[in-house]
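Below are some notes for a reader who is opening this entry without having seen it before. Please keep the sequence and the model in view while going through the points.

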Amino acid sequence: MSDLKLNRKQFLRMGASAAALAALSNVLGPVSALAADALSVAWWGEGDQNKRTGEALKAFTAKSGIATDPQGTNFNGYFDRLATQVAGGNPPDVFQVYLANMAQYAARGTAADLGDLLGDGKAIDTSDWSPAAKDSTGLGGTNYFVPLGLSTQPAIIYDKTLLDGLGVTLKPDWTLAEFKDTCQQIGKALSKSKQGAEAFGCDDFGGQVPVLEAFVRSKGRNVFTDGGQLAMTKDDLTEWYELWNEGRTDGWVVPPQAQQQGGFEATALIRGIAPFAVAASSKGLQGFQSLTKNDLNFNPWPRYSGDSERIELVTPVEWMVISSSTARKEDAAKLLSFLVNDEAAITAMGIAHGVPLSAKMRKQFMDGGKLSPVELKIYQNVEDALPHSKPRVIFPAGSGPLLGPGSNLLTLLNQQIAFKQTSVQAAVDRFFSEAARNL
Amino acid sequence: MTADVLMKHEPTATVGRRRRIAEANGPAYLMLIPWFVGFLCLTAIPMAASLYLSFTKYSLLAPPKWLGLDNYTYMFNGDYRYWPSLSVTAFYVFTSVPLSIAVALIVALGLNRKMRGIGALRSVYYLPSLLGGSVAIAVMWRQIFGNHGVVNSALALVGITGPAWLATPQSAPWTLVFLHVWQFGSPMVIFLAALKQIPQDLYDAARIDGAGAWQLFRYVTVPILTPIIFFNMVMQMIVSFQAFTPAFVISNGTGAPTDSTLFYTLYLYVEGFSNFHMGYAAAMAWVLLFIIAILTAIAFGTARFWVFNPDA
């Protein structure tokens with residue numbers, strides 16, 4: 001030990017060298033990851049979705065000989081991990097995105113331009129896809145996104161057993177005024193049948209982004225312009241908040257005190273206090289139906305008025321993108337083409353991402369006799385909605401704080417109105433001033 | 001002027017002494033290298049990076065852009081959610097910390113006795129602290145305080161209609177306070193250890209002077225425990241300012257209803273990871289550090305007025 005001569009300066013030098021080495025190994029990490037043979041694929045999934053996607057990836061490897069590195073997680077934490085991977089310069093080769101943030105990933109240069117890979121007769125062949133799928137692949141004239149399936153959004157899911165018991169029948173082409181009347185009628189009848197226990201006509205959808213979007217579209221415009229600004233007007237939002245405020249006052253909307261945080265199990269539909277819930281059709285009906293023995297069914301969001309057109313939205317719930325930094329774009333494109341166009345992959349993936357993009361494939365599955373009654377309903381719902389579907393403008397980068405997932409401004413302001421902490425007018429002003437700052 | 005030049009002019013005896021010290025400390029420095037590397041890579045460099053990012057616009061997905069003080073200016077003057085989140089956190093800290101210390105002390109006093117099975121009983125009381133910060137407990141809390149949860153069902157048995165604990169902005173923060181207070185195990189164990197160190201002579205002398213149970217507690221136990229109360233207070237305060245999991249789980253990460261459970265750290269997380277405002281989130285983190293440092297300094301500054309110091 002006496003031979004060891006290490007003074008403070010040498011110690012600091014050695015420490016700094018070791019730290020630099022550690023930092024260098026971080027930098028080299030992606031290089032070694034890229035050198036690995038497997039194509040990294042990141043996605044989130046609920047229930048058995050991760051297992052199903054894993055099976056589809058195995059089928060792809062068996063068919064193509066291209067190994068994959070599956071990185072399936074649940075939704076919570078998925079985007080934290082993905083953003084950290086991107087920030088660290090080590091994004092997966094292929095990863096899943098959704099409406100709330102897909103524009104962020106495209107606008108910041110993280111998603112690859114698929115211009116040469118996506119299209120009719122190209123590596124990701126779109127020849128058989130329905131227009132609703134083709135319309136959802138681009139942002140600002142560039143194709144970035146590969147849809148994983150089609151669903152109606154929002155699907156208004158209702159308790160048919162309960163409504164039949166109350167003698168209420170819903171029409172698919174109902175109007176907003178009829179919606180309000182029906183909810184009032186249901187609220188009164190349900191309350192009477194439950195002998196005064198809490199019962200309402202409808203859950204509070206005032207903070208639900210897909211329902212707001214359906215409302216604005218029912219008036220003939222999208223929420224955003226192609227240029228990434230709000231197309232929704234102050235009058236639209238005022239009318240929207242007043243609709244739910246009026247419902248609370250008249251007693252047909254579930255009041256804020258009766259709301260519960262949670263998943264499907266916490267909704268008014270499953271708790272039996274109001275018969276309507278809202279979700280993307282593919283995930284929603286499966287999720288809700290697994291929690292109740294009552295028969296559930298779909299109805300579209302109402303038309304704005306008797307003169308208005310019935311406008312629906314058939315669109316993907318999730319998309320895949322190819323990382324702009326991957327060296328294996330062609331392999332990634334082969335994988336995505338397989339996932340969305342190959343019958344074996346579609347069978348393995350199931351219906352959680354929606355129904356197949358191709359009308360031919362949908363018909364094949366519907367006629368195949370292998371779909372469960374719930375799956376068949378989801379397929380049929382998409383077929384019914386497709387003739388009324390019009391493309392939406394994808395939410396732009398910066399819209400997250402306003403209309404993104406979880407803690408967004410639309411929901412917060414709806415709650416503040418419900419608890420009488422703010423007025424509708426002040427809420428609308430707040431929304432638009434924040435929109436001006438964020439967009 | 002370099003160190004080598006300085007060394008040339010130093011007396012030979014000094015240089016020799018330095019060399020001997022360096023030789024003697026060499027192994028210690030060598031052993032310290034792993035810690036030093038860890039400190040540098042996992043603490044110092046990330047902190048410096050975070051400080052830099054706090055002056056930038058950084059989305060995580062694209063390189064940061066220099067903003068100067070804009071993040072800090074917006075935080076104090078423009079962000080309509082910042083002050084409510086700070087206010088909710090302050091309420092949480094200034095209610096849950098005194099309550100949890102009081103409960104911990106009361107339980108420690110109750111468990112500070114010799115009786116059969118007391119070890120097992122102490123373990124049982126400590127259990128919530130082992131589980132306390134977990135997601136599972138926060139989920140359980142949601143069930144307990146749900147509209148038709150355990151608490152309201154129990155109240156219904158005696159004819160009381162319980163409030164919607166988690167659904168109203170008035171009661172939701174209190175459920176988080178209760179959750180914190182329920183995790184009194186760690187301060188309780190520290191109090192228990194301190195109670196055992198109080199000399200019996202002091203109690204005997206006070207009893208001879210006619211002190212009753214309350215006086216014994218007020219004039220003997222509490223003054224001697226003040227260093228422990230101080231320690232628990234500072235530690236609990238720091239932990240409470242950083243609380244995240246309960247609010248995240250109970251509100252599904254939204255801070256609902258009406259931001260009444262939007263803890264500072266939850267808002268920081270939302271800004272950083274949901275809204276892609278990582279530069280702003282870094283600025284929020286530095287302000288939180290500053291707030292905790294100031295409050296800790298105030299606590300230490302006031303300690304000489306109320307904390308018992310046997311060496312004084």
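1. In the sheet of chain A, Ala42(A) stands opposite Phe95(A) in β3(A). Strands and helices here are DSSP runs numbered from the N terminus, with at least two residues (E) for a strand and at least four (H or I) for a helix. The model is predicted, so local features need pLDDT of at least 70 and side-chain atom pairs count only at pLDDT 80 or more, while totals for chains, interfaces and linings use all residues. Residues are numbered from 1 along each chain as its sequence is written, and chains are lettered from A and ligands numbered from 1 in the order in which they are written.

2. The sheet is open and has five strands, in the order β2-β1-β3-β14-β8 (chain A), with mixed pairing. Two strands pair if DSSP finds at least two bridges between them. In general, strands of a sheet pair through backbone hydrogen bonds, in either the parallel or the antiparallel sense.

3. Strand β1 (residues 39-44) of chain A runs parallel to strand β3 (residues 94-98) of chain A, and two bridges join them. Helix α2 (residues 49-64) of chain A packs on the sheet, where it touches β1 and β2 of chain A, and its direction makes about 170 degrees with that of β2(A). Contact means that the C-beta atoms of two residues, placed from the backbone, lie within 7 Å. Axes are lines fitted to C-alpha atoms, for helices over the stretch in contact, and angles run from 0 to 180 degrees between N-to-C directions.

4. How many residues of strand β14 (residues 318-322) of chain A are buried? Five of its five are, where buried means that 20 or more other C-beta atoms lie within 10 Å of the residue's own, exposed means 12 or fewer, and partly exposed lies in between, with C-beta atoms placed from the backbone. Both faces are covered, with Glu318(A), Met320(A) and Ile322(A) on one side and Trp319(A) and Val321(A) on the other.

5. Glu318(A) lies in strand β14 of chain A and counts as buried because it has 24 C-beta neighbours inside 10 Å. Leaving aside neighbours within four places in sequence, Glu318(A) is in contact with Gln96(A), Tyr98(A), Leu148(A) and His353(A). The C-alpha atoms of Glu318(A) and Ser151(A) are separated by 9.9 Å, although the two residues are 167 apart along the chain.

6. α17(A) is mostly covered, with ten of its ten residues buried; among them are Leu409(A), Asn414(A) and Ala418(A). The cover includes α8 (209-218), α9 (234-250), α16 and α18 (424-438) of chain A. After α17(A) comes Lys420(A), whose phi is positive, near 60 degrees.

7. Helix α11 (residues 281-289) of chain A and helix α15 (residues 373-385) of chain A have axes that come within 10 Å and cross at roughly 150 degrees. That makes the two helices roughly antiparallel, the word for angles over 145 degrees; under 35 counts as roughly parallel, 65 to 115 as roughly perpendicular and the rest as oblique. The crossing of α11(A) with α15(A) is right-handed, meaning that the near helix is turned clockwise from the far one by less than a right angle, whereas anticlockwise is left-handed.

8. In chain B, helix α13 (residues 264-274) and helix α14 (residues 278-306) pack at about 160 degrees with axes 7 Å apart. α13(B) is therefore roughly antiparallel to α14(B), and their crossing is left-handed. Residues making the contact include Tyr264(B) and Leu268(B) of α13(B) and Met284(B) and Leu288(B) of α14(B).

9. Between the chains, 42 residues of chain A are in contact with 38 residues of chain B. α1(A) gives the most to the side of chain A that touches chain B, with seven residues. That side divides into 20 nonpolar, 19 polar and three charged residues, where Ala, Val, Leu, Ile, Met, Phe, Trp, Tyr, Cys and Pro count as nonpolar, Asp, Glu, Lys and Arg as charged, and the others, Gly among them, as polar.
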